Amino acid sequence: MSTETPLIGDFHASPAANPLGGARIGVVTFPGTLDDRDAARAIRLGGGTAVPLWHADESLQNVDAIVLPGGFSYGDYLRAGAIARFAPMMNKIIAAATASSGTRLPVLGICNGFQMLTESHLLPGSMVKNDHLKFLCRDQVLRVENTSTPWTSQFTDDELIAVPLKNQDGQYLADPATLEALEAEGRVVFRYVGENPNGSRNGIAGVTNETHNVVGLMPHPEHAVEAGYGPDDATGMRSGTDGLTIFTSVIASLAGGAQ
Amino acid sequence: MSEPTVTDKEFNIDTVEHASTTPDTDLPWAALGLKSDEYDRIVKILGRRPTAAELAMYSVMWSEHCSYKSSKVHLRQFGEKVTEEMKKDLMVGIGENAGVTNLGDGWAVTFKIESHNHPSFVEPYQGAATGVGGIVRDIISMGARPVAVMDPLRLGDIDHPDTKRVLPGVVSGIGGYGNSLGLPNIGGEVVFDSVYQDNPLVNALAVGVMRHEDIRLANASGVGNRVVLFGARTGGDGIGGASVLASESFDDSKPSKRPAVQVGDPFAEKVLIECCLELFHAELVEGIQDLGAAGISCATSELASNGEGGMHVELTNVLLRDPTLTPGEILMSESQERMMAVVTPANAAEFERVMAKWEVEYSWLGEVTDTGRLIIEWDGETIVDVDPRTVAHDGPVYERPYHRPEWQDALQADTFRSSAAGANLPETAQELGGAVVDLMTSPNMADVSWITDQFDRFVGGNTALSQPDDSGVIRVDEETGLGVGLSTDANARYAYLDPYAGAQLALAESYRNVATSGAVPMAVSDCLNFGSPEDPEVMWQFAEAVRGLADGCQELGVPVTGGNVSLYNQTAGRAIHPTPVVGVLGKFDDVGRRTPSGFERWADGQAIYLLGTTADELDGSEFARGRDHLGGLPPKVDLGAEKMLGEILINASRDGMIDAAHDLSEGGLAAGLAEMALRFGVGARVAVDGICERDGVDPFTALFSESQARALVALPRSEELRFTDMTSARGFPALRIGVVDASSGDLEVAGPYAGGSFTLGLDELREAWSAVIPSRFASLGEATEAVRQEK
């Protein structure tokens with residue numbers, strides 16, 4: 001049994017069953033998605049099973065949670081995420097995430113995935129070009145300010161984590177009333193620590209919805225899951241694995257029947 | 001609005017039949033870049049005058065860019081100076097889109113460097129972007145998944161106003177395209193020198209991996225198989241780019257060439273990558289070729305001549321962005337993000353299914369024949385009827401005259417020590433410390449993160465090392481850790497002083513960088529950037545550099561697997577310095593063993609060793625550049641020593657003896673130490689006394705000489721004995737020069753000079769070192785501040 005995320009062929013080919021990982025987490029690929037393999041790897045390293053989903057399909061394949069990975073869907077030639085938001089798969093996800101009865105599907109949007117979540121109004125606010133107008137890639141420290149979501153349950157309150165940041169359109173905007181509500185309701189999940197890398201309002205890096213099952217963030221936790229390939233940290237070069245906790249959190253939440 | 005149809009076109013079609021009856025028609029062969037003897041040759045080959053479409057094809061395919069007509073006679077050495085031993089891992093050699101090297105465990109790797117110099121000067125963003133796009137398509141067309149890119153850049157003076165136009169455009173073009181493809185950018189070079197003011201060099205390297213069974217070649221085999229063009233539509237961009245842009249120098253007397261630069265669509269390319277990999281995986285294509293320079297002319301003639309020899313194409317089937325294009329323009333268009341494939345009739349439906357899934361447009365153009373002729377029709381009328389070999393392979397070959405420049409002797413006699421620049425050298429601790437700061441804050445030694453932070457280095461999750469480490473390292477197999485390390489290097493100042501040695505020094509540095517990070521060097525790709533081949537002195541530089549590189553590769557036992565030649569990098573009679581950029585690819589059994597280039601915080605107290613010996617070699621150095629001097633002879637090449645140093649560094653990495661290693665090149669020991677300390681902000685205490693004593697050099701020389709085959713390593717005390725046993729068993733000089741000092745935050749260098757030692761605070765040094773480039777190109781901080789003030 002192969003447990004790798006192969007470079008050749010694709011992870012779309014029947015995901016290997018993971019006897020220990022009951023959680024099945026869907027990873028949606030759109031035209032122009034880039035970080036789908038990385039998200040699948042992070043789910044596997046977190047102990048779950050990644051289930052590849054195609055944007056044009058309509059079946060959620062009974063997954064327990066969804067990751068919308070980063071990239072440049074449709075080239076981001078219109079507003080980032082604005083076209084992907086209308087994919088058939090997105091309609092299914094929106095319905096499952098906002099279900100009025102039963103468990104609401106946990107959804108994580110990373111970078112372009114976050115942009116899709118704001119475009120589809122699962123999350124408030126929107127993203128515009130970084131205030132310095134350039135693509136920026138760097139190791140970024142974040143403060144975890146909400147540990148009540150299924151995606152952050154294993155962090156401690158106000159824990160500082162380091163994950164890579166890399167984007168062009170990462171400046172988070174919302175009107176003052178929305179910002180006030182987000183702050184008042186504790187729905188800011190991640191906040192930039194140190195210099196604001198893109199001009200985001202209130203230094204917001206990630207937010208959640210009112211029911212806390214949907215989380216979006218601009219930086220990339222899926223690039224900080226494996227020592228040797230993540231951001232630098234105190235233990236050494238590229239050793240940071242803080243992002244993994246996001247994936248172990250959701251898997252534990254699902255196993256524990258939370259949400 | 002109705003779709004434009006063929007009959008809407010308002011031009012006369014010059015058919016083969018028409019050409020045979022109108023032998024005296026004047027054709028614009030000169031404007032298309034052909035010489036009169038070349039045109040005569042086409043007429044002789046065809047036995048009649050060419051049609052307009054045929055002329056378009058021959059002119060682009062016989063251009064310098066596509067035919068290598070000036071360089072071919074020299075490049076043969078890369079194939080000739082190769083031993084059986086060097087060929088053992090070579091699966092596909094020079095001549096295909098890119099060479100393929102066996103990596104073991106059923107994996108193969110392919111890589112190549114190309115130039116996009118002229119377009120990037122005309123339109124920096126699109127020129128650089130499509131440079132990345134083009135080299136990535138070369139990698140895809142071998143059947144590989146592209147896994148990383150690198151970008152060796154050379155620009156004019158950092159303070160020249162035009163550099164402010166070119167550099168930011170080039171950087172955002174590389175980022176805008178490469179980032180959107182999901183390819184980590186793992187390294188490159190940035191050099192500022194006024195010789196590149198009107199001829200910046202934008203080279204791009206791409207590397208891809210595949211399983212052995214997935215290797216694909218560009219040939220049209222199987223009579224009756226269908227030929228399909230897919231990807232982006234064909235438009236008017238880049239028409240004549242290959243023949244005009246790459247073959248002529250910029251000159252004020254010519255009209256603007258702006259429209260000739262292609263426009264990139266990275267989203268289309270990303271979809272094309274995934275779509276092609278799905279085609280390969282399902283074994284749906286018999287042969288494949290990317291469309292780059294010379295577009296359909298190149299793809300049809302190369303596919304046909306490499307396969308059964310014939311092809312029949314209906315050109316009106318080509319999907320167009322601009323319905324007014326003439327057949328000749330369609331044949332020459334360099335519109336990006338297009339591929340041509342050969343598909344069996346049985347697989348056609350499945351091919352169409354994959355196209356539909358990825359929403360890629362395609363059109364069936366024709367079929368493979370065994371007639372030995374490439375026949376292209378326009379609405380049923382024959383407009384091209386040629387032997388495809390005469391277009392693709394039998395272009396002119398020139399034995400350009402060359403001679404050693406008259407001025408070369410005087411240049412080599414003007415040594416640094418004998419010049420005015422060599423007077424008043426730093427001697428005291430204070431002067432030497434100041435000279436190190438000056439060196440590290442010079443444009444070519446400064447921190448390049450303003451550039452590299454605009455590139456995604458994480459995507460894919462397999463990047464084990466990237467800029468600023470000695471090489472970029474990518475994991476290929478997640479289970480075993482099998483992977484590759486890559487570096488590109490060239491020192492054009494050395495090559496100017498001695499092109500033969502300069503090419504070998506570029507090879508040596510690239511080889512050393514790869515070995516320093518722990519990879520076993522396996523293969524070479526080169527991008528040879530030179531001035532006009534019609535200048536015998538430039539041609540001599542080229543001939544010498546190729547000879548040097550071929551000899552060097554043979555001595556080091558690494559074959560050249562592919563590459564690119566960029567000539568005519570010359571404006572108003574002034575050529576660039578000869579710039580042979582050499583990329584070396586190495587193999588890791590486990591990339592987890594890669595050696596970083598700096599001292600890590602937990603490594604406090606580790607011993608620092610200098611490997612190799614230091615001689616008085618300041619000619620062409622960065623220190624000399626700081627004093628505006630260029631003359632003398634470059635550092636001595638010793639490939640035997642490079643090979644041995646490489647073995648030591650690779651073994652030490654594999655056996656876990658060393659925790660940091662950095663090669664010494666530009667800026668010598670001074671730069672090497674500063675870079676190792678700046679990498680993680682961890683200092684060191686070293687003394688140069690031992691070097692001065694052993695090698696008989698003064699402290700200034702010990703710090704700033706650029707002697708080759710040297711590296712610095714840091715290792716735990718527990719490994720010192722094992723390590724020095726290894727170096728002494730090989731008789732390779734190794735000298736303990738200091739220790740890692742994680743607590744002080746300083747780099748302290750003692751030596752036999754007045755004052756005893758100098759100390760550089762790493763925080764201050766970093767601030768100055770990292771401000772050099774942003775201060776010229778609107779820093780993140782400034783731009784951010786300006787916008788934030790407005791809010």
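Helix α9 of chain B is mostly covered, with 16 of its 21 residues buried (20 or more other C-beta atoms within 10 Å of a residue's own, the C-beta atoms being placed from the backbone; 12 or fewer counts as exposed, in between as partly exposed). Helices here are DSSP runs of H or I with at least four residues, strands are runs of E with at least two, and both are numbered from the N terminus. All of this comes from a predicted model, in which local features need pLDDT of at least 70 and side-chain atom pairs count only at pLDDT 80 or more, while totals for chains, interfaces and linings use all residues. Residues are numbered from 1 along each chain as its sequence is written, and chains are lettered from A and ligands numbered from 1 in the order in which they are written.

Back to α9(B): its 21 residues should span 30 Å at 1.5 Å a residue, and its end C-alpha atoms sit 31 Å apart, which agrees (the expected span is 1.5 Å times one less than the number of residues). Just past the end of α9(B), B:Gly182 takes a positive phi of about 75°.

Chain B puts 42 residues in contact with 35 residues of chain A (contact means C-beta atoms, placed from the backbone, within 7 Å). On the chain B side, at least two residues each come from β4 (145-155), α9 (161-181), β6 (201-211), α11 (266-281), β14 (463-465) and α29 (780-790). By class, that side of chain B has 17 nonpolar, 13 polar and 12 charged residues; Ala, Val, Leu, Ile, Met, Phe, Trp, Tyr, Cys and Pro count as nonpolar, Asp, Glu, Lys and Arg as charged, and the others, Gly among them, as polar.

Chain A has an open sheet of nine strands in the order β2-β1-β3-β4-β11-β10-β9-β6-β7, with mixed pairing (strands pair if DSSP finds at least two bridges between them). Its edge strands are β2 (49-54) and β7, each pairing on one side only. From one strand to the next, the twist averages 20°; angles run from 0 to 180 degrees between N-to-C directions, and axes are lines fitted to C-alpha atoms, for helices over the stretch in contact. At the β7 end, β6 (residues 136-144) and β7 (residues 159-167) of chain A run antiparallel and are joined by nine bridges. A:Arg138 has A:Leu165 of β7(A) as its bridge partner. β6(A) also pairs with β9(A) (residues 188-192), antiparallel over three bridges, and there A:Arg143 stands opposite A:Arg191. Elsewhere on the sheet, helix α1 (residues 36-45) of chain A lies across β1 (24-29), β2 and β3 (65-68), running at about 175° to β1(A).

Chain B has an open sheet too, with seven strands ordered β8-β10-β7-β11-β9-β12-β13 and mixed pairing. β8 (287-290) and β13 (381-386) of chain B are the edge strands, each pairing on one side only, and the twist averages 20° from strand to strand. Within this sheet, β7 (residues 226-231) and β11 (residues 362-369) of chain B pair in the antiparallel sense over five bridges, with B:Tyr362 as the bridge partner of B:Phe230. Helix α14 (residues 348-358) of chain B lies across β7, β10 (338-343) and β11, at about 0° to β7(B).

Two other strands of chain B are worth a look. In β23(B) (residues 660-663) both faces are covered: B:Ala660 and B:His662 on one side, and B:Ala661 and B:Asp663 on the other, are all buried. β23(B) pairs with β25(B) (residues 711-715) in the antiparallel sense over four bridges, where B:Ala661 stands opposite B:Val713. Strand β3 (residues 107-115) of chain B holds B:Val109, which is buried, with 30 other C-beta atoms within 10 Å. Setting aside neighbours within four places in sequence, B:Val109 touches B:Thr101, B:Leu103, B:Val207, B:Val209, B:Val484 and B:Leu585. B:Val109 and B:His212 are 103 residues apart in sequence but 9.2 Å apart in space, C-alpha to C-alpha.

Finally, a helix pair: the axes of α3 (residues 52-61) and α12 (residues 295-306) of chain B come within 9 Å and cross at roughly 85°. The contact involves B:Ala56, B:Met57, B:Val60 and B:Met61 of α3(B) with B:Ser297, B:Cys298 and B:Ser301 of α12(B). These residues divide into five nonpolar, two polar and no charged.

Terms used
Contact = placed C-beta atoms within 7 Å.
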